[in-house]
Amino acid sequence: MFDRAPALSDAGIEVELGGHTRATFDAADLVVTSPGVPPEEPGLAAARHRGVEVIGEVELASRWLRGPVIAVTGTKGKSTTTTMLGRMVAADGRRVLVGGNIGVPLSSQVDDSTPETIHVVEVSSFQLETTTTFRPWIALWLNLAADHLDRHPDVDSYAAAKARIFANQRAEDWAVVNVDDPIVMARSQGIAASRVGFSPFGSTRDGFSVDADWIVRRTPTTSERLVPVSAVELTGRHMLGNVVAAVAAASVAGVTTRAMVASLKGFHGLEHVMEPSGRIGEVVFVNDSKATNVEAARRSIESFPGPVVALVGGHFKGGDFRDLRDALASRGRAVVAMGNAARLVREALADVLPVIDASSMREAVEQGYAAARPDGVVLLAPACASFDWFRDYAERGRVFKEEVDRLRGRL
């Protein structure tokens, strides 16, 4: 941002860096916030008190889009599911733009938006809590588990922010919901949109689920095969659940099954999401740096039969590491505890399996390899944010892969 300030000033835009003055908020007609800024921040609260509209970037951009929006939220799986949905819509021959919390701001799509453009948008709780008119044609809520409790006061507040994805929908819109998640189901009761269910890991009499080797759509009287499980090239049982969700939303959008299958070919997932990151002998390394909460880490660990050495820790943002106990007791060989949360990790898990402390990612990879030999999986599943050691989860994942490469070259 600092390097762009001169160009903005030259364009006649007044720029303030390092904070804002009270006069700036007093003079504003509209305040648009970054998702990282809590709505309760005193300057924003004062602006609202004076009648100034305070919204987020997603809300602002959505007011200018010409095409319909498919929005995806959830605690885990948003980016992978959003990417798959975009691929499915594109494979069906339709014009699609993918963005939002996935890394491309929705506002960057405004100039390219047409009535025929479908916007597939990942939205976080931080983005949704600053929406007032945002109205998805199709709203997909994947799941909910404790997360971001360093920002939201409790799980109920977090769930309420997520549920805003349905707030402005109408009867002609669609809500695609996880029937296995009681919070999602409770929060989607009584909404205006038509509700369609999917079951990531079980089955449902009316909705989308897995039946043997197929993803199917059931009604009380019929069962239609849509996508063969063999077409899915992603690692992890929970990743198959994301595919079921994407298929459900794509079906509602009218995407053909042929396009769904074609879009999955060659799609091995996103960087830092269950990403195979090398092997040394029979020891396999997997980068799931985007597993930034306890529920996501648990699902990562459960994706492997064992033995697993899990690299856990970082900047703690809520949840309970004890929720990893059952998964680690049945398939874990050790845990490497990292970062500011290392003490909490040890307290929660040390009576289940060995917990090894690491003071850097290099040490974590080395300790993980030593514990995993001769034939285990070293899994980076931090269950935490990255802000103690790294700028973001992506930097953490890149450093993990670099340390794996360095270790391989040394041995």
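Author: Let us begin with the naming of elements: helices (H or I, at least four residues) and strands (E, at least two) are DSSP runs, numbered from the N terminus. Arg391, for instance, has its place in the loop between β17 (377-380) and α15 (393-410). This is a predicted model, in which local features need pLDDT of at least 70 and side-chain atom pairs count only at pLDDT 80 or more, while totals for chains, interfaces and linings use all residues. Residues are numbered from 1 along each chain as its sequence is written, and side-chain values use heavy atoms, with hydrogens and water left out.

Reader: Is Arg391 buried or exposed?

Author: Buried means under 20% relative accessible area, exposed over 50%, and partly exposed in between, with a 1.4 Å probe and protein chains only. Arg391 counts as exposed because its relative accessibility is 56%. Contact means heavy atoms within 4.5 Å, and, leaving aside neighbours within four places in sequence, Arg391 is in contact with Ser386 and Arg398.

Reader: Which residues of helix α3 are buried?

Author: In α3 (residues 42-49) the buried residues are Gly43, Leu44 and Ala47. Seen down the axis of α3, they fall within an arc of 95° (taken from the directions from the helix axis to the C-beta atoms), so they line one face of the helix. These buried residues pack against α2 (22-27), β1 (30-33) and β2 (53-56), whereas Pro42 and His49, on the other side of α3, are exposed.

Reader: How should I read two helices that pack together?

Author: Two packed helices are described by the angle between their axes and the distance between the axes. Axes are lines fitted to C-alpha atoms, for helices over the stretch in contact, and angles run from 0 to 180 degrees between N-to-C directions. Here helix α5 (residues 78-91) packs with helix α10 (residues 257-264) at an angle of about 125°, their axes being 8 Å apart. That makes α5 oblique to α10, since angles under 35 degrees count as roughly parallel, over 145 as roughly antiparallel, 65 to 115 as roughly perpendicular and the rest as oblique.

Reader: Which residues of α5 and α10 meet?

Author: Met84, Arg87, Met88 and Ala91 in α5 meet Ala259, Met260, Ser263 and Leu264 in α10.

Reader: At what angle do the axes of α5 and helix α9 cross?

Author: The axes of α5 and α9 (residues 237-252) cross at roughly 45° and come within 9 Å. That makes α5 oblique to α9.
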